[in-house]
Amino acid sequence: MERVYRGIGASPGIGIGRVLIYREPELAGWSETIEDTERELERYRAAVREFSARAEERAEGFELAVGAQQAEILRSQAAMSLDPVLAERIEKKIILGKPAEAALDDECRRFIESFAASSEEVLRLRAADVRDLRDGLLRILLGLPETDLSHLPPSTVLIADDLSLAAVSSLDPANVVGIVLSHSGQVSHCAILARALEIPAVVGTPGVFEALSGGEVAVVDGTKGEVHLGLSPNKLVGWGRNREQFRLLRDSLREFIGKETHTAEGVPLCLEANIGSENDVLRAQEYGIDGVGLFRTEFMFQSRDYFPTEEEQFQVYQRIALALQGRPLTLRTLDAGGDKLLPYLHHPQEENPELGCRGIRLCLREERMFRTQLRAILRASAFGNVRMMLPLITSVDELRHVRALVAQCREELAREGLPCGRDLPLGVMIETPAAVVMARLLAREADFFSIGTNDLTQYVMAADRKNTQVAGYYSHYDPAVVRSVEQIAQAAREGGIPVAVCGEAAADPLYLPLLLSFGVRELSVLPAALLPTRKAVSRWSLEEAHAVAARALELETENQVRAWLEENKRL
């Protein structure tokens, strides 16, 4: 009987092969006491040195196989093992009498539990990175061999609860045709490496690991996020055809790597990346980007248990600005609050947190913290083409308030002799009905607009995007949202400022003719969507886009708009 397990597509493609169940060995059984503190400290330090050396060795091998960008993920794990804050905490516990294994487990567990409790997916996935580090160091301390999956049978579909970076980097893509993980996530390092190896992968599939014993033939659809078992011979033949079609499509996207983005008649578009870390920049640059249209700086705040200092923020912003070599870097100021809470900041209990103290409201409330970020951004602007973007703007007053703070911070830096850029464009994210209504006035004060279609859809439709009870209302195809986007773009044109789109609609090929027709010439998408978006843009002329958009604006319901765009889609 056919069975289907659904999860999240983490690495696109279709793999067909026999299931192999992989279980990580349990890491336990260390002593609870030590006799020689100095010896125990040296055991821990030696393990860190060995772990770092192994990670660097894996990175070098991975770099030869798939490129430098992905190898940096493995190098970042080596850097994490050498983190002085973590090392200091572990060594303090060893000095107080804990064995190295117990001290390591205690401190890593604290970070794992903190990250895992976050409502932000990227932070929850960082719990896996810390767990990976802990387990790798424990293996060394306990004298266990490193995970090696390089000699699996041909046509293997590997199913596991989760996989470490060491395990994924050891895989031979000639033998492994699919990966299925009960845990992990779409933006985890494990998923990124699977995409680099071009192994179809599905993650977040509860139950599949426990339900199988191995040996069955399985189909892994990493595009749709599905795992199919118990298929008839005829259906397996059909899946084989689907696999070949995907390979042809993937090959057609490769011709767009590093190319300029332009419409069918040659009108250029600026195609940028949405990122949350330095590793994301490396991955995006592999495909060719015109800049970073959205750097979510809150990830830097959420991955710590303290406010990141001005110097820590400056170093990160500066490195990314330099890496982009003059291409724009758009830094969104801290977008916390709502469902993105900082454990070290007092967030008042709110009945409706999405309508509460979040985004720019929180920054203006916590002015000291905000000034620290503004100073770091201003300093980084001396080293590249840096822009600053404000989230959840609802009034002209907010924008003017921030401009005044920026001017004050600039004067402070000048008095202290610290360089900062002569010009820092200040833009706003248009994502609330208030900002839509005020768009013409905001365009007189802002240097650029960026439309965050995710929150814009949520607020225009009064539908929480995480609430399944109102999922049917949350759609950027709704005429109310379409007309809002047109109104924003028109206000930007009249104000003589550029307008970008950085929400999910920017990567939606059905939505593209609307954005082109409305005058949007800057799109910012996740790295995985760069090539499909570049290809989609090349399929449309402005004349064709105008015809589709004109009719879409006449339609009255979400179903009508979606059907019309589906009818006119370009492959």
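**A barrel of strands, its helices and its salt bridges**

Eight strands close into a barrel in the order 9-10-11-12-13-14-15-16, and their pairing is parallel. Neighbouring strands of this sheet are turned by 25° against each other on average, direction ignored. The structure is a predicted model, in which local features need pLDDT of at least 70 and side-chain atom pairs count only at pLDDT 80 or more, while totals for chains, interfaces and linings use all residues. Residues are numbered from 1 along each chain as its sequence is written, and side-chain values use heavy atoms, with hydrogens and water left out.

Some terms are needed at the outset. Helices (H or I, at least four residues) and strands (E, at least two) are DSSP runs, numbered from the N terminus. Two strands pair if DSSP finds at least two bridges between them. Strands of a sheet pair through backbone hydrogen bonds, either parallel or antiparallel.

Strand 11 (residues 329-332) and strand 12 (residues 386-390) run parallel and are joined by four bridges. Threonine 330 has arginine 387 in strand 12 as its bridge partner. Helix 19 (residues 479-495) packs on the sheet, where it touches strand 13 (426-430), strand 14 (448-451) and strand 15 (499-501); contact here means heavy atoms within 4.5 Å. The direction of helix 19 makes about 170° with that of strand 14. Axes are lines fitted to C-alpha atoms, for helices over the stretch in contact, and angles run from 0 to 180 degrees between N-to-C directions.

Helices also pack on one another. Two packed helices are described by the angle between their axes and the distance between the axes. The axes of helix 10 (residues 278-287) and helix 12 come within 10 Å and cross at roughly 10°. Helix 10 and helix 12 are therefore roughly parallel to each other, a term for angles under 35 degrees. Glu278, Val281 and Gln285 of helix 10 make the contact with Val316, Arg319, Ile320 and Ala323 of helix 12.

The next topic is charge. Side chains of opposite charge can pair when their charged atoms come close. A salt bridge is a side-chain nitrogen of Lys or Arg within 4 Å of a carboxyl oxygen of Asp or Glu, and by this rule the count comes to 41 salt bridges. One of them joins arginine 379 to glutamate 310, with the closest N and O atoms 2.9 Å apart. Arginine 379 lies in helix 14 (residues 367-380) and glutamate 310 in helix 12 (residues 310-323), so the pair ties together parts that are 69 residues apart in sequence. Both arginine 379 and glutamate 310 are buried, where buried means under 20% relative accessible area, exposed over 50%, and partly exposed in between (1.4 Å probe, protein chains only). A network of salt bridges links Glu310, Glu311, Glu367, Arg371, Arg375, Arg379, Glu412 and Glu416.

Glutamate 91 forms a salt bridge with arginine 45, and the closest N and O atoms are 3.0 Å apart. Because glutamate 91 lies in helix 3 (residues 84-95) and arginine 45 in helix 1 (residues 37-66), the pair ties together parts that are 46 residues apart in sequence. Glutamate 91 is buried, at 18% relative accessible area, whereas arginine 45 is partly exposed at 32%. Helix 1 also holds arginine 49, which is partly exposed at 48% relative accessibility.

Glutamate 554 is exposed, at 53% relative accessibility, and arginine 551 is partly exposed, at 37%.

Methods
Angles under 35 degrees count as roughly parallel, over 145 as roughly antiparallel, 65 to 115 as roughly perpendicular and the rest as oblique.
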